Structures are given as C-alpha cells and as structure tokens.
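Please consider the fold, the charges and a few individual residues of the structure shown below.

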Amino acid sequence: MTIFERLTLIEKQADDFGFMWENPFQILDQIQSECQEIQNDLTQNGDQSHLQEEIGDLLHAAFSLCLFCNFDAEETLVKSVDKFERRFKALKSLVHESGQETLQGQPVEILMAFWDKAKQRAA
C-alpha cells in the first residue's frame with residue numbers, strides 16, 4: 001500500500017467516524033498553523049526530529065485539502081512536479097541565454113527574477 005493509499009484510507013475512516021473537516025478554510029487554518037510551527041522550529045534551531053514531524057503534519061494537511069476538494073493527491077502532486085520541471089527547464093534556458101552556466105552564488109532577487117521569467121515562458 002502506498003503512502004497515498006494509506007492516507008486516503010485513514011482519512012476515509014476518520015470521516016466515517018465523524019472526525020472530519022467542515023470546510024476547506026479549516027484545513028487552510030491548519031496548514032497555516034503547521035507553517036507557523038515549522039517557522040518556530042527553524043528560528044529556534046530546534047530538534048530535527050520535531051521539525052521533521054511538523055513538516056510531515058504540513059504535508060498531511062495539504063493531502064487533506066486535496067481529498068476535501070475531491071482531488072487525487074498523487075495526481076495533484078504529479079501535476080505540480082510536471083509544472084516545476086517545465087519551469088525549471090525554462091529557467092535553465094534563460095540562464096544559459098544570459099551567458100551564465102548556473103545561478104550558483106546569485107542573490108535570491110536574481111533567482112526570483114529568472115524564476116518569474118521562466119513562469120511566463122513555460123506557463
């Protein structure tokens with residue numbers, strides 16, 4: 001059983017038991033809460049296992065949102081990875097067209113400027 005299948009089964013069991021979200025905004029609130037916990041862990045340079053647990057909670061909450069919206073989580077993730085791959089290929093082309101080999105050592109502002117152009121090119 002894949003992790004997606006296992007999560008779907010557990011979520012279905014929780015729903016059948018009456019432990020379910022009422023609306024997607026509750027899930028978004030949970031996602032924001034998990035992001036805040038991750039930010040706190042990163043800021044405090046806390047325990048790595050706790051940070052991993054919180055990131056897992058964030059992934060689970062995002063998965064719950066997929067299910068709530070009647071999306072297949074694996075298909076949703078595949079589409080996201082495909083989109084990133086298209087944009088990354090466009091990014092690499094733009095960097096090479098600018099005469100650079102990589103973006104190593106560039107400030108985040110330069111990275112994001114190239115990324116924004118790549119998103120437009122590979123929309």
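A residue is called buried when its relative accessible area is under 20%, exposed when it is over 50%, and partly exposed in between (1.4 Å probe, protein chains only). The model is predicted, so that local features need pLDDT of at least 70 and side-chain atom pairs count only at pLDDT 80 or more, while totals for chains, interfaces and linings use all residues. Residues are numbered from 1 along each chain as its sequence is written, and side-chain values use heavy atoms, with hydrogens and water left out.

The protein chain contains five helices and zero strands; these elements are DSSP runs numbered from the N terminus, a helix being H or I with at least four residues and a strand being E with at least two. The C-alpha atoms fill a box of roughly 60 × 35 × 30 Å along the principal axes. Of the 123 residues in the protein chain, 20% are buried.

Asp-41 belongs to helix H2 (residues 24–43). Asp-41 is buried but has no salt bridge, and the nearest side chain of opposite charge, Arg-6, is 20 Å away. Here Lys and Arg count as positive and Asp and Glu as negative, whereas His and the chain ends are not counted; a salt bridge requires a side-chain nitrogen of Lys or Arg within 4 Å of a carboxyl oxygen of Asp or Glu. Apart from neighbours within four places in sequence, Asp-41 is in contact (heavy atoms within 4.5 Å) with Gly-46, His-50, Leu-51 and Glu-54.

Three salt bridges are present in the structure. In one of them, Lys-12 pairs with Asp-16, and the closest N and O atoms are 3.0 Å apart. These two residues are separated by about one helical turn because they are four residues apart in helix H1. Lys-12 is partly exposed at 48% relative accessible area, while Asp-16 is exposed at 58%.

Another salt bridge joins Lys-79 to Glu-75, with 3.3 Å between the closest N and O atoms. Both residues lie in helix H4 (residues 73–97), four residues apart, which is about one turn of the helix.

Arg-121 forms a salt bridge with Glu-97, the closest N and O atoms lying 2.9 Å apart. Because Arg-121 lies in helix H5 (residues 108–121) and Glu-97 in helix H4, this pair ties together parts that are 24 residues apart in sequence. Arg-121 is partly exposed at 44% relative accessibility, and Glu-97 is exposed at 55%.
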